[in-house]
Amino acid sequence: MLSVGQCIPEEKCGCTHNGRYYKAGQSFWEDDECKSWCQCDAQSKKVECMSRGCGTFEKCQVVKGVRGCQAISYGTCTAVGDPHYHTFDNLKFDFMGTCVYQFTSLCANRTGLVPFDIQVQNENRVNKAASFTRLSWIVIYGNTIVFSREHISKALVRVSTAGGAPPPLAAYTPSLSLYPPITSPPYPCILP
């Protein structure tokens, strides 16, 4: 079969919709208002569309030649001191707990967003009335990046296929080297 000027197996052919050709499996917005989301079905060679729209804090627009739902604004959350938190919606509070807590993560799988998870572990200061962040870690792309009070100005990196809490800091080796994906035990590196 001839597809966009190239000879390909028939099962890899795409779809034609409203005079445009789409590759098998390709998704696109059918309209200028991002209200109809379509995909070229590889089996039937037909475009299937469904009603869909942008989120509350998104607007439909073209970026780098591709129409999509783009964020109207961005939020920031921070934790500083013993820990003072500022949330994405700009609320402020102090939290003196001493366990492991989820700081932020992607709450729903969305096209174009990379799943991530950020956790923190607090511990008591001299007295139990106040705590501070002992360590925090980010899990993204199957890797864990740890920041700790013991290794100020350094990031501890564990390349892993398993998620979850990082190992005790004693498991980290104080040298710069990269390791292949592992599951157990962890063999991370310290990046200067």
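Residues are numbered from 1 along each chain as its sequence is written, and side-chain values use heavy atoms, with hydrogens and water left out. Because the model is predicted, local features need pLDDT of at least 70 and side-chain atom pairs count only at pLDDT 80 or more, while totals for chains, interfaces and linings use all residues.

The largest nonpolar core is made up of 6 residues, namely C15, Y22, F28, C38, C40 and V47. A nonpolar core is here a set of buried Ala, Val, Leu, Ile, Met, Phe, Trp, Tyr and Cys residues joined through side-chain atoms within 4.5 Å. Buried stands for under 20% relative accessible area, exposed for over 50%, and partly exposed for values in between (1.4 Å probe, protein chains only). When neighbours within four places in sequence are left aside, V47 is in contact (heavy atoms within 4.5 Å) with C15, H17, F28, C38, Q39 and C40. A second, separate core has 5 residues, among them L135, V139, V146 and L156.

An open sheet is formed by 3 strands in the order 5-6-7, with antiparallel pairing. Strands are DSSP runs of E with at least two residues, numbered from the N terminus, and two of them pair if DSSP finds at least two bridges between them. Strand 5 (27–29) and strand 7 (47–51) are the edge strands, each pairing on one side only. On average, neighbouring strands of this sheet are turned by 25° against each other, direction ignored; for such angles, axes are lines fitted to C-alpha atoms, and the range between N-to-C directions is 0 to 180 degrees. Strand 6 (residues 36–40) is joined to strand 7 by 5 bridges, and the two run antiparallel. Within this pairing, Q39 stands opposite E48 in strand 7.

The loop between strand 5 and strand 6 contains C34. This residue has a positive phi of about 55° although it is not a glycine, and C34 is buried, with a relative accessible area of 0%.

A search of the whole structure finds 4 aromatic pairs. Rings of Phe, Tyr and Trp (its six-membered ring) pair if their centres lie within 6.5 Å; planes under 30 degrees apart count as stacked, over 60 as edge-to-face and the rest as tilted. Y22 and F28 form a stacked pair, because their ring centres are 3.7 Å apart and their planes are at 5°. Y22 is buried at a relative accessible area of 8%, and F28 is buried, also with a value of 8%. The rings of Y85 and F93 are likewise stacked, with centres 5.4 Å apart and planes at 25°. Y85 is buried, with 8% relative accessible area, whereas F93 is partly exposed at 41%. Y85, F93 and F103 belong to one aromatic cluster.

The charged end of R52 sits over the ring of W37, 4.7 Å from its centre. This description requires NZ of Lys or CZ of Arg within 6 Å of the ring centre and within 35 degrees of the ring normal.

N90 lies in the loop between strand 11 (84–86) and strand 12 (92–94). Its phi is near 70°, a positive value in a residue other than glycine, and N90 is exposed, with a relative accessible area of 57%. S136 is placed in strand 15 (residues 131–140) and counts as buried at 19% relative accessibility. Not counting residues up to four places away in sequence, S136 touches Q119, V120, I145, V146 and F147.

Note on methods: Helix = DSSP H or I, 4+ residues; strand = E, 2+ residues; numbered from the N terminus.
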